[in-house]
Amino acid sequence: MDRFFHVTEKGSTIRTEIMAGITTFMAMAYILMVNAGMFSNPFGDGTDVLGVSYGAIYVATAISAVVGTLLIGLLSNLPLAQASGMGLNAYFVYTVCVGLGLSYANALVLVLFDGIIFVLLTVTGLRKIIFDSIPHEVKVAISAGIGLFIAFIGLQNAGIVVNDASTCVNLHSFNVFTGEQTWATIFPMLITLIAVFAIGAMSKKKVRGAVLWGILGAAVLYYAIGLITVPGFYASAVAPNLTSDFFGAFRDFGTQAFAAVFKSGFDFSAFIAANGTGAFVVMLLTTMLAFCMVDMFDTLGTLYGACSAGNMLDKDGNVPNMDRAMLADACATCAGAVCGTSTVTTFVESSAGVAEGGRTGLASMATAVMFFIAMFLSPVAQLIPTYACAAALIYVGVLMMSNVRNINWDDPAAAVTGFVTVAFMPLTYNISYGIAFGLISYVFVKIFTGKIKEINVGTWIISILFALMFFLTR
């Protein structure tokens, strides 16, 4: 292992690498529960929108994490880990399936295309051309917008933010004295808020796996308070979750998720019948573009961020073996589509393992082993309530919002583009709309300020594609 991963050469030890890998797993294990809950119960009310079970997505998420983490460790020798990306899973569920009306299998086809395109872009070098076509103002705002969107979803799933006929959204009532609300509906929301505050405090204290501990602590508190203070709580909230069996998750994975992309994914007849062939073509192109762009920028940002934190950048300030890392990411996305989950990407939580001393792909091997073990624990994970996972969504949103500081707010032109990109994602409940309006606003600002020559060809093409999407499909 030392010779293959160059552990000693990188100034590390095998023990340090293994501990770093376990630390990374602890920091990102929440994705197993959060992703499964988002797919099987998107609105936190038990509604089965996609037609896949918690267990099926849990296993699919675990397998794709194992594959992706092994690939990035073996190909690039970097101490990073991969799994179904936060933000990208929200785009899959809420924009592509719920918003556009595509089936779960149809959406997997778009993920598969995203992976294939990503592979081609990486091996041909076109990835850099596309990356350079996206204005800096939009690049830095994408992750911030996704963070705000994810936090909004978490608040909705917890029941804290609710629909309102006059203002569209409102705060759920916490008043138990009027008789309109009961303790049974209020205490779960309080647990979500307490969990968010606890995760923030633990992160401040550098507690490893703060998000995971926050989820587990919230789950314990939820059941403890519910069983003690809410009549009939066991029958309504506990007993249904005890019916899942170990083999049921793998059975559901085999019948509902695995290879669903090939079984029925290429049948878009329902969408075409409802919207027309022209709208289908535009939707296909723009949605694949959105998947690919978010995946690309998320991966690039994570690679730079994690390697910079660990002083692993080369003498020119570049990520070592970056093309191999990007190729691993693209291949993992293809594998994820076959398994039945959304785009697989490199996790920013890998920085936790880097901070622990991880410097080589051996740390990734340890993380992959932990995900493999966790794959067999879906019946236990299914006991995690929506309110606990909602806290993780909100806190991940906090982390992703940090990139908003890189927007140049002192430049009105840059500020408008950055703000539009961030604001349109949660306000339209659609990530791609934020990216689209960010690019379109950039183009118009450059035109109105007499700097049209600064708009490159790639930016024009991508902006026109997004504009066509609005005119032809909305």
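I'm working from a predicted model, where local features need pLDDT of at least 70, side-chain atom pairs count only at pLDDT 80 or more, and totals for chains, interfaces and linings use all residues. I number residues from 1 along each chain as its sequence is written, and side-chain values use heavy atoms, with hydrogens and water left out.

**Entry 1, H6.** I looked up H6 and found it in the loop between helix 1 (2–5) and helix 2 (14–28). Helices here are DSSP runs of H or I with at least four residues, strands are E runs of at least two, and both are numbered from the N terminus. H6 isn't a glycine, yet its phi is positive, about 55 degrees. Most residues other than glycine have a negative phi. H6 counts as partly exposed because its relative accessibility is 34% (buried is under 20% relative accessible area, exposed over 50%, partly exposed in between, with a 1.4 Å probe and protein chains only).

I then checked A259, another non-glycine with a positive phi, near 65 degrees. A259 sits in the loop between helix 12 (246–257) and helix 13 (260–263). Buried or exposed? A259 is buried, since its relative accessible area is 16%.

I placed Q382 in the loop between helix 19 (378–381) and helix 20 (386–401). Q382 has a relative accessible area of 24%, so I noted it as partly exposed. Its C-alpha is 13 Å from that of F247, 135 residues apart along the chain.

**Entry 4, strands.** I saw strand 2 (residues 161–164) pair antiparallel with strand 3 (residues 168–171) over 4 bridges; pairing takes at least two DSSP bridges. A hairpin of 3 residues joins strand 2 to strand 3. V161 stands opposite L171 in strand 3.
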